[in-house]
Structures are given as C-alpha cells and as structure tokens.
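This briefing is meant to be read with the sequence and the three-dimensional view side by side. Please take a moment to look at both before going on to the notes.

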Amino acid sequence: LAEHAPYNVVVVTAVAPNVSPALLDLLADSGRLVAPVGDRDRQDLLLILKDGGELVTHVLDQCQFVPLIGKEGWPERPGQSGPLPPSGGGDRRRPD
C-alpha cells in the first residue's frame with residue numbers, strides 16, 4: 001500500500017480499537033478516511049479529514065463491523081497477546 005501513497009480516500013471495512021497511524025500516513029492532503037472504531041460491541045463510523053496536515057474527525061453514526069485481526073486490531077484467538085478492546089475510558093475517536 002505505501003508504495004502507491006498518498007491516497008485521496010481510504011476505507012476500512014473491519015473494526016479496530018483505534019485508527020492506525022500507519023493508515024493516516026497514507027492519506028494525501030485533503031484526503032478522507034472512513035473507518036469503524038470501537039470495541040466488538042459498540043462502534044462508531046468515523047470520517048477523518050486531512051487538511052494541511054491537520055486531522056479533523058467526525059462521528060457519522062454507530063455501526064457494527066467484524067473485528068480487525070492482527071497487529072492493528074485484536075489477537076486471532078483469546079489468550080494471544082495484542083491490544084485489548086477499549087475499557088470505556090478515554091476518547092477512542094482521537095486518531096493520534
């Protein structure tokens with residue numbers, strides 16, 4: 001993916017605990033990223049706009065997607081190491 005960057009639009013089709021900085025780095029200036037973010041039970045569909053290097057995040061609606069498995073998501077099987085779903089504290093919508 002990175003060899004073809006920057007992209008005007010990135011669409012993520014599986015929920016992750018947060019937006020990966022690696023995905024944000026792929027965005028062109030004036031680019032848009034749409035991604036489901038949250039835990040396995042409660043998710044928000046986010047629109048992130050990149051404008052002059054600044055990121056602006058909008059919550060479009062609640063949604064329900066399958067979980068993203070792997071480095072930027074959850075472990076494939078319970079008990080494996082990897083990020084845990086948010087505990088409800090903090091603002092998971094922040095892309096930083």
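The notes below go from the whole chain to its sheet, and then to single residues.

The structure is a predicted model, and the mean pLDDT of the chain is 83, with 79% of its residues reaching 70 or more. The secondary structure comes to 1 helix and 4 strands, and these elements follow one another from the N terminus in the order β-α-β-β-β.

**The chain as a whole**

- The chain has 96 residues, of which 30% count as buried.
- Its accessible surface comes to about 6100 Å², and carbon and sulfur atoms account for 52% of that area.

**How far the model can be read**

- Over residues 81-96 the pLDDT stays under 50, and for this stretch the model has 31 contacts beyond four places in sequence.
- Where pLDDT is low, the predicted coordinates should not be read in detail.

**The sheet**

- The 4 strands form an open sheet with mixed pairing, and their order in the sheet is β1-β2-β3-β4.
- The edges of this sheet are β1, which covers residues 7-11, and β4, which covers residues 54-63, and each of these edge strands pairs on one side only.
- Neighbouring strands of the sheet are turned by 15 degrees against each other on average, when direction is ignored.

**Pairing, strand by strand**

- Strands β1 and β2 run parallel and are joined by 4 bridges; in this part of the sheet, tyrosine 7 has leucine 27 in β2 as its bridge partner.
- Strand β2, residues 27-38, pairs with strand β3, residues 43-51, in the antiparallel sense over 7 bridges, and arginine 32 stands opposite leucine 49 in β3.
- The strands β2 and β3 also form a hairpin, with 4 residues between them.
- Strands β3 and β4 run antiparallel as well, joined by 9 bridges, and here aspartate 44 has glutamine 62 in β4 as its bridge partner.
- A hairpin is formed by β3 and β4 too, with 2 residues between the strands, and in this hairpin glycine 52 takes a positive phi near 60 degrees.

**Backbone details to look for**

- Alanine 5 and proline 6 are joined by a cis peptide bond, for which omega is about 5 degrees, and proline 6 lies in the segment before β1.
- Serine 30, whose place is in strand β2, has a positive phi of about 75 degrees although it is not a glycine.

**From the β2-β3 loop into β3**

- Arginine 42 has its place in the loop between β2 and β3, and with a relative accessible area of 39% it is partly exposed.
- The side chain of arginine 42 is joined to that of aspartate 44 by a polar contact of 3.3 Å.
- Arginine 42 and cysteine 63 are 21 residues apart along the chain, while their C-alpha atoms are separated by 7.5 Å.
- Is glutamine 43 buried or exposed? Glutamine 43, which is found in strand β3, counts as buried because its relative accessibility is 1%, and the cut-off for being buried is under 20%.
- A polar atom of the side chain of glutamine 43 lies 2.7 Å from the backbone nitrogen of phenylalanine 65.

**The start of the chain**

- Alanine 2 is found in the segment before β1, the segment in which proline 6 also lies.
- Alanine 2 counts as exposed because its relative accessibility is 57%, whereas the cut-off for being exposed is over 50%.
- The C-alpha atoms of alanine 2 and alanine 22 are separated by 9.0 Å, although these two residues are 20 residues apart along the chain.

Methods:
Residues numbered from 1 in each chain as written. Predicted model: local features only at pLDDT ≥ 70, side-chain atom pairs only at ≥ 80, totals over all residues. Heavy atoms only, no water. Buried < 20%, exposed > 50% of the residue type's maximum accessible area, 1.4 Å probe, protein only. Areas by Shrake-Rupley, 256 points an atom, 1.4 Å probe, with all protein chains shown as cover. Pairing = 2+ DSSP bridges. Axes fitted to C-alpha atoms, helices over the stretch in contact; angles between N-to-C directions. Polar contact = N/O pair within 3.5 Å; in protein donor to acceptor, adjacent residues only side chain to side chain. pLDDT = per-residue confidence, 0-100. Contact = heavy atoms within 4.5 Å.
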